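User: I have a protein model open and want to learn how to read it. Where do we begin?

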Amino acid sequence: MTRSQPRRARGTVGHANSALNLRLTLAGFGLVIMVIFAVLAFWAGIAWLGVVCAIFAVVAVVDLVVIQRRRAARRREEPGVRHSLFE
């Protein structure tokens, strides 16, 4: 089993468990949007909505860290291989 994927995952090195580059792009987009919404919610005086958006922004940061660790492990296992957005 490779270290770039979670244990007991159905994917292999040849057929990845998830599209890491696409997940990275979507998590980055979610982070930017949630930060913007949190700032706008706090500015509008809707504190509870700002807190919810801030929590989602923190979740996006954690997801970004996990994705980057998996991408680094994949890069160590397959040196010199370039992956597209959907691999």
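Analyst: We begin with one term. Buried means under 20% relative accessible area. Keep in mind that this is a predicted model. Now take C53. C53 is buried, because its relative accessible area is 8%.

User: Where is C53 placed, and which residues is C53 in contact with, leaving aside its neighbours within four places in sequence?

Analyst: C53 belongs to helix α2. Leaving aside neighbours within four places in sequence, its contacts are M34, F37 and A38. Look at M34. Along the chain, C53 and M34 are 19 residues apart, yet 5.2 Å separates their C-alpha atoms.

User: How many helices and strands are there in the protein?

Analyst: The protein has 2 helices and 0 strands. Helix α1 covers residues 20–44, and helix α2 covers residues 47–77. After α1 comes G45, with a positive phi near 85°.

User: At what angle do the axes of α1 and α2 cross?

Analyst: Angles over 145 degrees count as roughly antiparallel. Here the axes cross at roughly 160° and come within 8 Å. The two helices are therefore roughly antiparallel to each other. The crossing is left-handed. By class, the contact of α1 with α2 has 21 nonpolar, 5 polar and 5 charged residues.

User: Which residues of α1 are buried, and what do they pack against?

Analyst: First, the general idea. An α-helix has 3.6 residues a turn, so residues three or four places apart point the same way. Now the case here. In α1, the buried residues are L20, N21, A27, M34, A38 and A41. These buried residues pack against α2.

User: And which residues are buried in α2?

Analyst: G50, C53, A57, A60, L64, I67, A73 and R74 are buried in α2. They pack against α1.

User: What share of the 87 residues is buried?

Analyst: Buried residues make up 23% of the protein. Now consider contacts between residues at least 6 apart in sequence. Of these, 62% join residues at least 24 apart.

Note on methods
Residues numbered from 1 in each chain as written. Predicted model: local features only at pLDDT ≥ 70, side-chain atom pairs only at ≥ 80, totals over all residues. Heavy atoms only, no water. Axes fitted to C-alpha atoms, helices over the stretch in contact; angles between N-to-C directions. Helix = DSSP H or I, 4+ residues; strand = E, 2+ residues; numbered from the N terminus. Parallel < 35°, antiparallel > 145°, perpendicular 65-115°, else oblique. Left-handed = near helix turned anticlockwise from the far one by under 90°. Nonpolar A, V, L, I, M, F, W, Y, C, P; charged D, E, K, R; others polar. Buried < 20%, exposed > 50% of the residue type's maximum accessible area, 1.4 Å probe, protein only. Contact = heavy atoms within 4.5 Å.
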